[in-house]
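User: I am new to reading protein models. Can we go through this one step by step?

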Amino acid sequence: MVSQPDWDDLRFFLAIQRNHTIRRAANVLHVSHSTVSRRLDTFEKTLGSRLFDRLPEGFVLTETGEQIKERAERVEAEIRSIERDVLGRDARLSGKIKLTMPPPVAEYLMMPHLLAFQMKYPEIELEIDSSYSRSDLTRRDADIAIRIHSPPEDHLLGRRLPDFGESVYVSKVYAAENTFSGSEASAHWIGWGDMERFPSWVKKSRFPDCSVNLEAPNQLAQLSACKAGFGMAILPCFIGDFDPDLVRVPKAGLYSMRSAWILNHPDLKTTERVRVCVRFLVEAVKSMEDKVSGKAEP
């Protein structure tokens, strides 16, 4: 009897195609590297054809793989539609909700409110993806997303949140020991990987005389470097204004105001637990508008 491919085969195939390596596909699928490799080998043997060329730059689809990709994506779309349709008719205040948001928002802003939500609705299980990656709501990578400075796709339901303010912060000790402008400026910026001492964003800032002396990949790393005394960092006001070790650089003002959204797929609009959660989170963020906007320091 000839074995037949199933949806799981296609799911593993698409993960490899989208991530180009076995290891990254395994991370997305939350399985081991060897499991992905074994599933691909089995799938190729079942079809009797090689689906990927193994090249130094990663896995690249063969001609057969390209043909499979189009069909696999159609199958994926149908399965996701069925899942959303079933969830869309679910009016129970129970079950799982997948939430995704940037790590600073999860760790420094929303956790107390997520706890309050779960205490109010104890039969709803929250799964939180604290990540800088952009989850695909269409493929059900998440049910609800909080996104900063990222307008929603046309097919998603979006609720506008208060704008998120950012300012420039240093440790209190660093502020007392350094100057921030003029030819004698001694302070330094913590940069974002520009590999320049005076990148364009520094030149356009209120402190163009201060050079970059450390590169850090994300806001949480920048926060740690700032508190350690490396220099100035651009941080969300809901972090910087409320950290007892930090102060705004004098005359920093607001560096930027970023638009924010809470999003979900329209097929889930009648799912009661999702609808209730969206409303709860919107109200929570609106109640903190002064805090997130940077208009009111503690």
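User: Which residue in β2 is the bridge partner of Asp53?

Analyst: This is a predicted model. Start with the pairing: strand β1 (residues 52-55) and strand β2 (residues 58-61) run antiparallel and share four bridges. A hairpin of two residues links β1 to β2. Across this pairing, the partner of Asp53 in β2 is Val60.

User: Is Gln17 buried or exposed?

Analyst: Gln17 is part of helix α1 (residues 7-19). Beyond four places in sequence, Gln17 touches Phe52, Leu61, Lys69 and Glu73. The cut-off for buried is under 20% relative accessible area. Gln17 has 15% relative accessibility, so Gln17 counts as buried.

User: How are α2 and α3 set relative to each other: parallel or perpendicular?

Analyst: Look at the axes of helix α2 (residues 22-29) and helix α3 (residues 33-47). These axes come within 8 Å and cross at roughly 110°. On the α2 side, the contact is made by Ile22, Arg23, Ala25, Ala26 and Leu29, and on the α3 side by His33, Val36, Ser37 and Leu40. Angles of 65 to 115 degrees count as roughly perpendicular, and therefore α2 and α3 are roughly perpendicular.

User: Which residue in β11 is the bridge partner of Ile148?

Analyst: Ile148 belongs to strand β5 (residues 144-148). β5 pairs with strand β11 (residues 256-264) in the antiparallel sense, over five bridges. The partner of Ile148 in β11 is Ala260.

User: Why does Ser205 count as buried?

Analyst: Ser205 sits in the loop between α7 (200-203) and β8 (212-215). Neighbours within four places aside, Ser205 is in contact with Trp189 and Tyr255. Buried requires under 20% relative accessible area. Ser205 counts as buried because its relative accessibility is 12%.

User: How far does the backbone nitrogen of Phe207 lie from a polar atom of the Ser205 side chain?

Analyst: Stay with the loop that holds Ser205, between α7 and β8. A polar side-chain atom of Ser205 faces the backbone nitrogen of Phe207 here, and the two are separated by 3.1 Å.

User: Which residue caps the N-terminal end of α8?

Analyst: Helix α8 spans residues 219-228. At its N-terminal end, a side-chain oxygen lies 3.1 Å from the backbone nitrogen of Leu220. That oxygen belongs to the capping residue, Asn218.

User: Which residues of α8 are buried?

Analyst: An α-helix has 3.6 residues a turn, so residues three or four places apart point the same way. In α8, keep that spacing in mind while reading the list. The buried residues are Gln219, Leu220, Gln222, Leu223, Ala225 and Cys226.

User: How many disulfides does the structure hold?

Analyst: Consider some of the cysteines. Cys237 is buried, at 0% relative accessibility. Cys277 is buried too, with a relative accessible area of 0%. A disulfide needs two cysteine sulfur atoms within 2.5 Å, and the number of disulfides in this structure is zero.

Definitions and conventions
Residues numbered from 1 in each chain as written. Predicted model: local features only at pLDDT ≥ 70, side-chain atom pairs only at ≥ 80, totals over all residues. Heavy atoms only, no water. Buried < 20%, exposed > 50% of the residue type's maximum accessible area, 1.4 Å probe, protein only. Polar contact = N/O pair within 3.5 Å; in protein donor to acceptor, adjacent residues only side chain to side chain. Pairing = 2+ DSSP bridges. Contact = heavy atoms within 4.5 Å. Axes fitted to C-alpha atoms, helices over the stretch in contact; angles between N-to-C directions. Parallel < 35°, antiparallel > 145°, perpendicular 65-115°, else oblique.
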